[in-house]
Amino acid sequence: MDFSSTSISHFRVFANSFLSQYEPLALLLVPLLSLFLAHSLHSFSRLLSENGLKATLLGFIMNAVKLVPGVKGYIDAEKQKVVDKLQSDSKSKREGWNTELPSAGLGTSVLDKMREEKNNDPVWQGKCSGTVYIGGSESDGHFSVINEACSMFAHTNPLHLDVFKSVARFEAEVVAMTAALLGSKENSSVGQICGNMTSGGTESILLSVKTSRDYMKSKKGITRPEMIIPLSGHSAYDKAAQYFNIKLWRVPVDKNFQADVKSIRRHINKNTILIVGSAPGFPHGIIDPIEELGRLASSFGICFHVDLCLGGFVLPFARELGYPIPPFDFSVKGVSSISVDVHKYGLAPKGTSIVLYRNHEIRKHQFVAVTEWSGGLYVSPTTAGSRPGSLIAGAWAAMISLGKEGYLKNTKAIMEGSIRIQKGIEEIAELFIVGNPDMTIVAFGSDVLDIFEVNDVMSSKGWHLNALQRPNSIHICVTLQHVPIVEDFLNDLKESVKTVKANPGPISGGLAPIYGAAGKMPDRGMVQELLVDYMDGTC
């Protein structure tokens, strides 16, 4: 018998002798309880890592409170009251909606029915924050050009490149012209810039995140990816994190409401694939420190996406007009991808955006190729397979019809309009501007009034503004629709402030109490449940 066999035999004798003093049931339960405890500690540490100490403890407390008889039922009932209030308007308007095909079709008279329905929509001309970026009337000018271009190519689909060659050319040219605006023309070192058209800013962001994830997996072998965005970063990154199983870190902004580079730096680790900056951010119209973020990304060898969905067709022209615009595009070292919406200030039809990459090596990770399908070999560049060629044609028509001179003229008008609005708000003593806007979004709040009550009064006057949080505020995204009616907006805002100051408290049908409560509610999980329940009953 060799030494190893003797050692094993001695150990077995010792173990049996030692364990014989314990009950068999105890020997069975102790390992199971140990595994349960280890699993619980692992789950708690993971929650702590993902949500932080405060949110984790709050979650445990709220879950414990809900176990008290009657408490969960009360909370659910109160939550349903809020959801019902949010949905009250839309539910009442659903009466009479079609729920099945008509037995006999309407034929061409369906167009009359559509015009009738359209006439029942609220008046939006000049009254909406963002939303409609083209100026003038729907029936003439740039609107008519876009409408005819879309109609001409309504039947086309760029999935069939061999058939709709004109649409393929339109897409390539729209991407190339946009890339030229964002750094490829000025800097030969970034001449490989490439990209694709998408359905909107959200899809552009989703694709950039998916591509960054797969690129960093191939480059660094990262299998538990994480990304870091400032609090002001668009909600599309949260959607991408859920879709693509990526850990998302949202870090605070600094005192200027810009991305806090130091805070982002502290969150970078071996699993980080991507950091994000906006030019400008949707909430406050403020450009993040893109150059600093680019240097940070370069030093760690990770991807850096710049969200130019709002600024892509304004900032290049504002810079040329002499506005003090900091660097924001591919001319900044470290920028690996950019998203830019053509359907905003590019004045293209809704549903047109672009995602750009610094080079083809990165973009290849965006594509999906299938070789084992009985339907044949398949490759697709974006999320959708079939895509509307009409929208691509409309985007091309918008850019070619306006040209550089048209965009410079429009940019001058909306930048000047934004400055007039900002100055007008600064003259209202009860309000303050949030940060220092770089572009065409003006956010404002109040230290003496409930700003959401002001928003409700503005809504009663026909305005559709955006409610914000952290801090509580509202903003207007200035478009060509607003340029002729700046004074109307300021006059209505002054009157709304006077109304709330003289009669504080929620107005009938207003949403100020809901927005206010949501902002103060410490359990963000409950707020999330409210939003999900609202959406589930709306769509």
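**Entry 1: the model.** I am working from a predicted model.

Entry 2: I find an open sheet of 7 strands, ordered 1-7-6-5-4-2-3. The pairing is mixed. Which strands stand at the edges? They are strand 1 (194-198) and strand 3 (247-251). Each has a single partner strand, so one side of each is left without a neighbour in the sheet. I note an average twist of 20 degrees from one strand to the next.

Entry 3: I then checked how strand 1 is held to strand 7 (residues 353-357). I count 5 bridges between them. The two strands run antiparallel. How is Thr-198 paired in strand 7? Its bridge partner there is Ser-353.

**Entry 4: a helix across the sheet.** I moved to helix 10, residues 290-300. Helix 10 lies across strand 4 (272-278) and strand 5 (303-307). Its direction is at about 170 degrees to strand 4. I also looked at the loop between strand 4 and helix 10, where I find Pro-280. The peptide bond from Ala-279 to Pro-280 is cis. I read its omega as near -5 degrees.

Entry 5: I looked up Phe-257, in the loop between strand 3 and helix 9 (261-267). Its phi is near 65 degrees. That is a positive value in a residue other than glycine.

**Entry 6: the loop between strands 12 and 13.** Here I looked at two residues. Pro-471 sits in the loop between strand 12 (466-468) and strand 13 (473-477). Arg-470 is placed in the loop between strand 12 and strand 13. The peptide bond from Arg-470 to Pro-471 is cis, with omega near 0 degrees. Phi of Arg-470 is near 55 degrees, positive although the residue is not glycine.

**Entry 7: the cavity.** How many cavities of 30 Å³ or more are there? I find 1. The largest cavity holds about 60 Å³ of space. I listed its lining: Tyr-133, Phe-313, Val-314, Tyr-345, Leu-347, Tyr-407, Asn-410, Thr-411, Ile-414 and Leu-480. By class, I get 8 nonpolar and 2 polar residues in that lining.

Notes:
Residues numbered from 1 in each chain as written. Predicted model: local features only at pLDDT ≥ 70, side-chain atom pairs only at ≥ 80, totals over all residues. Heavy atoms only, no water. 1 Å grid on protein atoms, 1.4 Å probe; cavity = no way out; pocket = protein on both sides within 12 Å on 5 of 7 lines; lining within 4 Å. Points joined across faces, edges and corners; volume = space filled by probe spheres on them. Nonpolar A, V, L, I, M, F, W, Y, C, P; charged D, E, K, R; others polar. Pairing = 2+ DSSP bridges. Helix = DSSP H or I, 4+ residues; strand = E, 2+ residues; numbered from the N terminus. Axes fitted to C-alpha atoms, helices over the stretch in contact; angles between N-to-C directions. Contact = heavy atoms within 4.5 Å.
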